[in-house]
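Thanks for coming, everyone. Please look at the structure on the screen.

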Amino acid sequence: MQNKKKTKKATPRGRPERLVETEFERTANEYQMKIAAMNNPFIIPNNNRIYSNSEKFRIAKDTLERYTGSTAEKFRKQVILTNFGYYVERFGLLWGDSQHKGSVFSVVHSKRADVSIVNFSVGAPTAALIIELLATIEPKAVLLLGMCGGLHRSLKLGDFVLPTAAIRDEGVSRHFMPPQVPALPTFKIQKFISQILVEQGLDYRTGVIHSTDYRFWEFDNRFRAQLHEERALAIEMETAALFVAGFAAKVPIGALLLVSDLPLTRDGIKTKKSAKKVFRQYTDMHLEIGIKAMSEIAERGEHIRHYKW
């Protein structure tokens, strides 16, 4: 008895049924098969990840479009994050093709620079949120252009800080990784940024950043003493959440911070007047470095994620 040859099922238009998985479907399926193959009763599959939960992926993509006012397809694979409207406005004037404002965030896309920039507002919760939303577009590289308060006595206004790690003194990162997991940036992005800074003859500092959701800590002597014991280089609010959420969601993430105030010195706490001075003198260079780095990552086609989960 002859075996009948199987034929591909046809769609109403006569085209063969789609046989190729999308990158997301393949990743999710590989994750589930890997867990199943282990056959280990002590390993509990984590279906709370964007890459392993198709329903979460669908909702997150919808939320990205609703919160930014932009379709997901318009996003470039290189994304700059900021929490200052000036950066988005400036980028739009210099490079922007299309500008969008959603219910929460604003975004500008540039085909010429091959970069999108998002203003995600302030704080660790929104930082973690934007990373999970961006995971749906599978970005090649994400870079935070943020500001920080300089803690080390050698720092001065306008200095650049390239974080090597962040202290997780905020509330959201524990929902992504256990507390013993360090908050680390993607090494190759930080290495790339450092090369750009050196090529332009700019100095920068590296070290550990303290990320906190505690506002007006400057008036808490106990907290100040803790910072002294930690020997953190600078302090801000979002870096740890971005690094941990990026690691959990498989989003390559780096950061270049600008010292905007010196809160441990006399009259060093940021004010409206001092903030204007920082924006006037330093932010254009900060943005220029970020655009150059993301554009060149796109041009060189480097593989940023140097290991697989």
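A polar contact here is a pair of N or O atoms within 3.5 Å; within protein, one must be able to donate a hydrogen and the other to accept it, and residues adjacent in sequence count only if both atoms are side-chain atoms. This is a predicted model, where local features need pLDDT of at least 70, side-chain atom pairs count only at pLDDT 80 or more, and totals for chains, interfaces and linings use all residues. Numbering starts from 1 along each chain as its sequence is written, and side-chain values use heavy atoms, with hydrogens and water left out.

Start with Thr 68. Its side chain reaches the backbone oxygen of Leu 64 at 2.6 Å. The side chain of Thr 68 also reaches the backbone nitrogen of Ser 70, at 3.2 Å. Is Thr 68 buried or exposed? Thr 68 counts as buried because its relative accessibility is 0% (buried is under 20% relative accessible area, exposed over 50%, partly exposed in between, with a 1.4 Å probe and protein chains only). Set aside neighbours within four places in sequence, and Thr 68 is in contact with Phe 75, His 100, Lys 101, Gly 102, Phe 105 and Val 107 (contact means heavy atoms within 4.5 Å).

Now the second largest pocket. On a 1 Å grid over the protein atoms alone, a pocket is an open set of points where a 1.4 Å probe fits, with protein on both sides within 12 Å along at least five of seven lines; lining residues have an atom within 4 Å of a point. This pocket is lined by 22 residues. Nearest its centre lie Met 147, Arg 215, Met 237, Asp 261 and Lys 270.
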